[in-house]
Amino acid sequence: LRAGSSDPAAESSQHVRHKEAEMDAEIASIALPMLITLAADPLAGLVETAFIGRLGAVELAGMAVGLSIFSTITKFLNIPLISSTTTAVARATGAKKSSPPPPPQQQQEKQQ
């Protein structure tokens with residue numbers, strides 16, 4: 001290689017690493033709030049149990065039955081909703097990424 005020229009393979013590798021780092025940062029920015037939410041739910045249940053447990057055994061048993069019923073109903077309602085929403089968002093995102101940009105004339109017409 002001549003002085004001043006760079007290795008195309010090294011540049012390509014650096015570009016790939018840069019893109020991977022950007023994607024990792026984007027995934028982390030989405031995953032961190034979800035992780036906090038997942039951790040907060042059991043903690044809230046623990047606090048509720050501690051407070052209700054101070055009232056008595058009957059009250060704690062009643063809460064356990066109520067939470068069990070609530071959890072079952074929530075799962076039956078959320079699972080289909082989450083599945084259909086995930087599919088719809090994935091399709092829309094994929095369609096947006098795979099569609100070619102409009103020709104320059106159409107872009108100018110949209111701006112006017």
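Predicted model: local features only at pLDDT ≥ 70, side-chain atom pairs only at ≥ 80, totals over all residues.
Which residues line the largest pocket?

View 1. Residues are numbered from 1 along each chain as its sequence is written, and side-chain values use heavy atoms, with hydrogens and water left out. Follow the sequence and you get the pattern α-α-α. Helices here are DSSP runs of H or I with at least four residues, strands are E runs with at least two, and both are numbered from the N terminus. The protein exposes about 9900 Å², and carbon and sulfur atoms supply 67% of that.

**View 2. The largest pocket holds about 220 Å³ of space.** Its lining is Asp-41, Pro-42, Ala-44, Gly-45, Glu-48, Leu-67, Phe-70, Ser-71, Thr-74 and Lys-75. Both α1 (8-55) and α2 (57-98) supply at least two residues each to this lining. Sort the lining by type and you find 4 nonpolar, 3 polar and 3 charged residues. (A pocket is an open set of points on a 1 Å grid over the protein atoms alone, where a 1.4 Å probe fits, with protein on both sides within 12 Å along at least five of seven lines; lining residues have an atom within 4 Å of a point.)

**View 3. Val-65, Ile-69, Ile-73 and Leu-77 make a nonpolar surface patch of about 390 Å².** To join such a patch, residues need over 30% relative accessible area and no salt bridge, and nonpolar side chains are joined within 5 Å. Look for Leu-77 in helix α2. Leu-77 counts as exposed because its relative accessibility is 58%.

**View 4. Glu-22 and Lys-19 meet, side chain to side chain, in a salt bridge.** The N to O distance is 4.0 Å; the rule asks for a side-chain nitrogen of Lys or Arg within 4 Å of a carboxyl oxygen of Asp or Glu. By that rule, the count comes to 1 salt bridge. Both partners sit in helix α1, 3 residues apart, about one turn of the helix. Glu-22 is partly exposed, at 40% relative accessible area, and Lys-19 is partly exposed too, at 43%.

Conventions
Points joined across faces, edges and corners; volume = space filled by probe spheres on them. Nonpolar A, V, L, I, M, F, W, Y, C, P; charged D, E, K, R; others polar. Patch = residues over 30% accessible without salt bridge, like charges linked within 9 Å, V, L, I, M, F, W, Y side chains within 5 Å. Areas by Shrake-Rupley, 256 points an atom, 1.4 Å probe, with all protein chains shown as cover. Buried < 20%, exposed > 50% of the residue type's maximum accessible area, 1.4 Å probe, protein only.
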